[in-house]
Amino acid sequence: MRWGIVILVLSFCLQAPAYAVPAKPRADTDRTAATLQINPLKNELWVMDSAGNRLKKYPISLGKPRTPTPTGDYVVVNKHKNWGSGFGTRWIGLNVPWGTYGIHGTNRPDSIGHDASHGCVRMLNRHVEELYEYVEVGMKVSILGHVLGEPHRDPRRLAMGDIGGEVLLLQNRLRAGNYYGGVCNGRFNALTEYAMKKYEREHDLPIDGVVSMHDYVSLGLLE
């Protein structure tokens, strides 16, 4: 009789539906990081999952007005520990086409929360070490904001030797008007200066090859 009861109980357990015992909800730390978002207005980096939920946030330092952090969508192309002097304990490289940019640690923790870098994203060393474990090569990194900079600031003056998204925007605009025939690569080179002077000459602007406020307005890049 006892064996019959045991067999009956086992039979019931094996046939019980899967939903009989509800699964525990997963904690945020169990979710897989899918993308990084960088908010320049808050000087914060957010780790996001595939559903758009924020898993973590970190305070950061971004580029100075003269050396801004590039906006746009990029991907992680490399990761290194102790990459070099001044980069803290971790380096996460991005595929920005006109220069070497990345997310890294710092030996200047007082700069976090301010626009103080040469264009890279600075983090406290303990934070970038934690982030390093989330990140994989190929992960998407979205740097929010307008290519011409934060709304409370005038766009920077552009001249020979400058690099950045503003230069790429300028080159594309000059190319569309048949002033520029070079490669649109975000690097203000001699061809870019020549095209800018040609544009200025034809539009009765000061002919200096330097992009100032009157040039931005005339080109239709600012209203």
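**Group meeting: a walk through the predicted model**

Hi everyone, let me open with a pair: R156 and E166 are both buried, where buried means under 20% relative accessible area, exposed means over 50%, and partly exposed is in between (1.4 Å probe, protein chains only). Their side chains meet in a salt bridge, 2.6 Å from N to O; the term stands for a side-chain nitrogen of Lys or Arg within 4 Å of a carboxyl oxygen of Asp or Glu. This pair links distant parts of the chain, with R156 in the loop between β10 and α3 and E166 in helix α3, ten residues apart.

A word on the ground rules. This is a predicted model, where local features need pLDDT of at least 70 and side-chain atom pairs count only at pLDDT 80 or more, while totals for chains, interfaces and linings use all residues. Residues are numbered from 1 along each chain as its sequence is written, and side-chain values use heavy atoms, with hydrogens and water left out.

Now the overall picture. The protein has five helices and ten strands; these are DSSP runs numbered from the N terminus, H or I of at least four residues for helices and E of at least two for strands. Of its 223 residues, 39% count as buried. Contact here means heavy atoms within 4.5 Å. Among contacts with a separation of 6 or more, residues 24 or more positions apart account for 49%. The exposed surface comes to about 12,900 Å², and carbon and sulfur atoms supply 55% of it; those areas come from the Shrake-Rupley method with a 1.4 Å probe, and for residues only the protein chains shown count as cover.

Let's go inside. Which residues touch the most other members of the largest nonpolar core? In that core of 26 residues, they are L36, I38, L45, V47, I103, M123 and L131. By nonpolar core I mean a set of buried Ala, Val, Leu, Ile, Met, Phe, Trp, Tyr and Cys residues joined through side-chain atoms within 4.5 Å. At least two residues of this core come from each of β1 (33-39), β2 (44-49), β3 (54-59), β5, β6 (90-94), β7 (101-104), α2 (125-134) and β10 (140-143). Take L131: leaving aside neighbours within four places in sequence, L131 is in contact with L36, L45, V47, Y58, I92, I103 and M123. There is also a second, separate core of 16 residues, which includes L148, V167, Y179 and L221. As background, nonpolar side chains tend to be buried together in soluble globular proteins.

Next, K79, in strand β5 (residues 72-81). Its relative accessible area is 25%, so K79 is partly exposed. What does the side chain of K79 reach at 2.8 Å? The backbone oxygen of V135. Beyond four places in sequence, K79 is in contact with W91, Y132, V135 and V137. I92 sits 13 residues from K79 in sequence, with 4.6 Å between their C-alpha atoms.

Over in helix α4 (residues 190-202) we find T192. Why does T192 count as buried? Because its relative accessibility is 0%. The T192 side chain makes a polar contact with the side chain of N189 at 2.7 Å. A polar contact is a pair of N or O atoms within 3.5 Å; within protein, one must be able to donate a hydrogen and the other to accept it, and residues adjacent in sequence count only if both atoms are side-chain atoms. Not counting residues up to four places away, T192 touches L170, Q171, L174, Y180 and R187.

Back to the charged pairs. How many salt bridges does a search of the whole structure find? Six. One of them joins D115 and R153, at 3.2 Å from N to O. That pair also links distant parts of the chain: D115 is in strand β8 (residues 115-117) and R153 in the loop between β10 and α3 (165-176), 38 residues apart. D115 is partly exposed because its relative accessibility is 22%, and R153 is partly exposed at 33%. Another joins D110 and R108 at 3.9 Å, N to O. Here D110 is exposed, since its relative accessible area is 55%, while R108 is partly exposed at 37%.

Finally, the cysteines. The disulfide count comes to zero, with a disulfide taken as a pair of cysteine sulfur atoms within 2.5 Å. C120 counts as buried at 11% relative accessibility, and C184 is partly exposed at 24%. Thanks, all!
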